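Morning, everyone. One model today, in two parts. Let me put it up.

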Amino acid sequence: MAGTLQFDLVSPERRLASVAATEVQIPGADGDLTAMEGHAPTITTLRPGILKALGADGTKAYVVTGGFAEITAAGVSVLAERAVPVEEANAALFDALMVEAREAAAATEDKDVADKLVADMAALRAAAGL
Amino acid sequence: MPSLKDLKNKIASVKNTRKITKAMQMVSAAKLRRAQDAAEAARPYAERMNAVMAGLAASVGSSASAPRLLAGTGSDKVHLLVVMTAERGLCGGFNSTIARLARLHAQELLAAGKTVKILTVGKKGREALKRDLGAHFVGHVDLSDVKRVGYVNAQAIARDIIGRFDGGEFDVATLFFNRFQSVISQIPTAQQVIPAKFDGAAVTALYDYEPSEEAILADLLPRGLATQVFTALLENGASEQGARMSAMDNATRNAGEMITKYTTIYNRSRQAAITKELIEIISGAEAL
């Protein structure tokens, strides 16, 4: 049995979770990563995706948009610009996120980044099953 | 000497005023609790964000490739003052203390030969500064339709500020708001946000950065600005309610004192009138 690590998920407006978890799956900007106890200290930015925390009382999943995660040997704290538990996510939320992503894509000159953002949003929506 | 009827009307009107101020005080007390809760809930995010950014800034800040939001434009000719006030009055010195601080700051900068631009958030600050600094206004953010200040509002303001910065409109940006200390004390604060300044010790732990430190910093700086604006908005919200609460508490107490005073005068003149009538009757009877 692997040890546990402290998992904190905070958004600017509130703290969504502060629990012990055995592993945390993070949608990092450069690819997904899983943090377990004793992980090397890492700071990574997030891409829009699904964040999962596996704990003693089951798996909790959250839809997160940008932000960053700070991983230490003893815990993970995720600072997400927007975080919503998957159960509360609905089509309207994704529609709003999609619109935002497209607007941001239209405003920026960096085509690659913008296309990636829109693609990430679409993938996120598919992953959430909506 | 006012007539008895005048006094009676006066007392009734002050009583009505007292009812209103009392109600306003209670409404602000409830709103203050909510505002304080919101500020409390936002604190972990802001603190962590600040700590990580301070660490990053310390390691990247000195290099030539540092983002402009952190390093600045290399000059400090044009200053943007973001003056955050309330949308409503009747909250004691809340709006005027911010306006006074901003005005002092602006006058110092102008005296030093700098250019000043002012972005107002909240109607009251705009009104207070319009007369002597109206020529420096570059924009206004209206939050009067916003019931509860959310991160989205802060993001919009931050985006506006960054847009102006990228457009080369200014070199240094400073936020003006009231930091909430307690119900009776709010501290007008000026906080420089561009180029970014971080207080507190930097995180010294050795982290792996994914992607590079520069990329993370570039991604985080705009978010950091939004967070700082959000914190300022929340502090301001709590301060406003606190200031209104104590102002209305004072007003209620003053109204109470006024009622006591007028009631005493009313009773005295009523008794004087009765005494006078009695004397008239008695002396009339004696004359017979």
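Which residue with a positive phi follows helix 3 of chain B? That is B:Gly113, with phi near 85 degrees.

Ground rules. This is a predicted model: local features need pLDDT of at least 70, side-chain atom pairs count only at pLDDT 80 or more, and totals for chains, interfaces and linings use all residues. Residues are numbered from 1 along each chain as its sequence is written, while chains are lettered from A and ligands numbered from 1 in the order in which they are written.

Helix 3 of chain B spans residues 94-111. Helices here are DSSP runs of H or I, at least four residues, and strands are E runs of at least two, numbered from the N terminus. Its buried residues include B:Phe94, B:Ile98 and B:Ala102. Buried means 20 or more other C-beta atoms within 10 Å of the residue's own; exposed means 12 or fewer; C-beta atoms are placed from the backbone. The face turned away carries exposed B:Leu104, B:Glu108 and B:Ala111.

Now the interface. Chain B puts 22 residues into the contact, chain A 20. Contact means C-beta atoms, placed from the backbone, within 7 Å. On the chain B side, helix 1 gives the most, seven residues.

Strands meet there too. Strand 5 of chain A and strand 6 of chain B run parallel, joined by three bridges; pairing takes at least two DSSP bridges. A:Ile43 stands opposite B:Tyr209.

Note on methods. Two residues are in contact if their C-beta atoms, placed from the backbone, lie within 7 Å. The expected span of a helix is 1.5 Å times one less than its number of residues.
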